[in-house]
Amino acid sequence: MRSASFKARGSSFFVVLFLDAIIIASPARAFCFGRQVARGTEATRLEEGKPAVVFVSGRVPWTDAEIEVLAGEELFFSAEGKISLQKGNPEAECGPEGCDLQTARQPLPDKNLGALIGKVLVTVIETFDDKTKEEKRDEVAFVFFIGQEGRVEMPARGRLFLGINDNVIGDNDGEFKVLIKLAGQKNVPGLWSTQY
Ligand SMILES: [Ca+2]
């Protein structure tokens, strides 16, 4: 049954991977995953000519775009809006390219703090240590830079998430509005205003 699911297209791949994670997870965490899958946010494939719009809060570690991507597939991203890396501090405001500052603990340390970034989540592995009684959650995921606009080749097959290149998000504010479409279509200037 599992091999049959792997041959299927679309979200079934993701669900099967989560089922794999459930198998090795502790019962308590497996229940959490069951709820997560059952919440009905299945990842779907982008269709040619049908862009998706995702609002990325500066206060959320990763926003689920609910899109399944394929390795090697090129997506076009265009982002607008402002976030604050420190609510109430006008000097901490930045757009999708981020602020001209880098810290060692950002998800992407060589890119600007607060920049729009992406992640392809391939699978989640949960393990339970009998000695320490601690549960450990490991993701197999690939994180990449997006910025304000550009084409990005997807590094793996999985579920797309968008986020902020910042590790201290609790004091953030604002959001980015991100348009995502399959690349290959011509990038028409003013896409935002003409279609949305
Ligand atoms: Ca912050």
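A quick definition before you click: a residue is called buried if 20 or more other C-beta atoms lie within 10 Å of its own, exposed if 12 or fewer, and partly exposed in between, with C-beta atoms placed from the backbone. What you have open is a predicted model, where local features need pLDDT of at least 70, side-chain atom pairs count only at pLDDT 80 or more, and totals for chains, interfaces and linings use all residues. Residue numbers start from 1 along each chain as its sequence is written.

**Stop one: Lys133.** Select Lys133, in the loop between strand 5 (116–129) and strand 6 (134–145). Strands here are DSSP runs (E, at least two residues), numbered from the N terminus. Lys133 counts as exposed because it has 8 C-beta neighbours inside 10 Å. Check its backbone too: phi is positive, about 60 degrees, although Lys133 is not a glycine. Most residues other than glycine have a negative phi.

**Stop two: Glu66.** Now jump to strand 2 (residues 62–69), where you'll find Glu66. Glu66 also isn't a glycine, yet its phi is positive at about 55 degrees. With 15 C-beta neighbours inside 10 Å, Glu66 counts as partly exposed.

**Stop three: Glu97.** Next, pick Glu97, in the loop between strand 4 (93–94) and strand 5. Why is Glu97 partly exposed? Because it has 17 C-beta neighbours inside 10 Å. Leaving aside neighbours within four places in sequence, show its contacts (C-beta atoms, placed from the backbone, within 7 Å): Asn112, Ala115, Gly147 and Gln148. Finally, draw a distance from the C-alpha of Glu97 to that of Ile146: the two residues are 49 apart along the chain, and these atoms are separated by 8.1 Å.

Terms used:
Helix = DSSP H or I, 4+ residues; strand = E, 2+ residues; numbered from the N terminus. Contact = placed C-beta atoms within 7 Å.
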